[in-house]
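The following exercises are to be worked through with the sequence and the model side by side. Each task is followed by a solution in steps.

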Amino acid sequence: MRRIDIAFLLLAAAALLCGVGMGIWMGIAHDFQFGPVHAHLNLLGWTSLALFGLTYRAWPEMAQSRLAAAHFLLAAPSAVLFPIGIALSITGVTIVVAIAASLAWLLAVALFLAGLVRVAFAPAPRLVPRALPAE
């Protein structure tokens, strides 16, 4: 996926905006019933997605793998759906969305770990000696 680091960071910033907006709304209304939704927007949405993006930026070889694309395709929707699922659970509508999103998030985190392990244990790049120009 091209510029996966930026894709993660853009989604993280959008989640931060939603999380901050929700926090302000809850504070004004003095209604903290959806505090867990707010917390998961900030934790999964802002913090985790931003750290994923910064990690892919720091290790570009990790971003080149198919694992990275699969990771984004699981992490992005589950980071959005998990807080929605928590809200649906709190209001008594259904718990299914929260469960499905949490399992997708777990799989996304496992893919991220697999990518990290792949890079951590990859053989060091060979240094090819270069001829220096004569003076």
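Buried means under 20% relative accessible area, exposed over 50%, and partly exposed in between (1.4 Å probe, protein chains only). The model is predicted: local features need pLDDT of at least 70, side-chain atom pairs count only at pLDDT 80 or more, and totals for chains, interfaces and linings use all residues. Residues are numbered from 1 along each chain as its sequence is written, and side-chain values use heavy atoms, with hydrogens and water left out.

**Exercise 1. The chain as a whole**

Task: State which elements the chain has, and determine whether it is spread out or compact.

Solution. 

Step 1. Helices (H or I, at least four residues) and strands (E, at least two) are DSSP runs, numbered from the N terminus. The chain has 5 helices and 0 strands, and the order of its elements from the N terminus is α-α-α-α-α.

Step 2. The radius of gyration, taken over C-alpha atoms, is compared with a globule rule of 2.2 Å times the number of residues to the power 0.38. For 135 residues the rule gives 14 Å, whereas the chain has 19 Å, well over that figure, so the chain is more spread out than a compact globule.

Step 3. The C-alpha trace spans about 75 × 30 × 20 Å along its principal axes.

Step 4. Of the 135 residues in the chain, 33% are buried. Contact means heavy atoms within 4.5 Å. Among contacts between residues at least 6 apart in sequence, 71% join residues at least 24 apart.

**Exercise 2. Helix 1 and its two partners**

Task: Find how helix 1 is oriented relative to helix 2 and to helix 4.

Solution. 

Step 1. Axes are lines fitted to C-alpha atoms, for helices over the stretch in contact, and angles run from 0 to 180 degrees between N-to-C directions. Angles under 35 degrees count as roughly parallel, over 145 as roughly antiparallel, 65 to 115 as roughly perpendicular and the rest as oblique.

Step 2. Helix 1 (residues 4-29) packs against helix 2 (residues 35-58) at about 160 degrees, and their axes are 8 Å apart. The two helices are therefore roughly antiparallel.

Step 3. Their contact comprises 20 nonpolar, 7 polar and 2 charged residues. In this classification Ala, Val, Leu, Ile, Met, Phe, Trp, Tyr, Cys and Pro count as nonpolar, Asp, Glu, Lys and Arg as charged, and the others, Gly among them, as polar.

Step 4. Between helix 1 and helix 4 (residues 66-90) the angle is about 10 degrees, with axes 11 Å apart. This makes helix 1 roughly parallel to helix 4. Helix 1 contributes Ile4, Ala7, Phe8 and Leu11 to the contact, and helix 4 contributes Ala68, Ala69, His71, Phe72, Ala75 and Ala76. By class, these residues are 9 nonpolar, 1 polar and no charged.

**Exercise 3. Helix 2 against helix 5**

Task: Describe the crossing of helix 2 with helix 5 and name the residues that meet there.

Solution. 

Step 1. The axes of helix 2 and helix 5 (residues 96-120) come within 12 Å and cross at roughly 20 degrees, and the helices are therefore roughly parallel.

Step 2. A crossing is left-handed if the near helix is turned anticlockwise from the far one by less than a right angle, and right-handed if clockwise. Helix 2 passes helix 5 in a left-handed crossing.

Step 3. On helix 2, Leu44, Ser48, Leu49, Phe52, Thr55 and Tyr56 meet Trp105, Val109, Phe112 and Leu116 of helix 5. This contact has 8 nonpolar, 2 polar and no charged residues.

**Exercise 4. Individual residues**

Solution. 

Step 1. Beyond four places in sequence, Leu11 touches Leu49 and Ala76. The C-alpha atoms of Leu11 and Gly45 are separated by 7.4 Å, although these residues are 34 apart along the chain.

Step 2. Apart from neighbours within four places in sequence, His71 contacts Phe8, Phe52, Tyr56, Ala108, Leu111 and Phe112.

Step 3. Most residues other than glycine have a negative phi. His30, which is not a glycine, has a positive phi of about 55 degrees.
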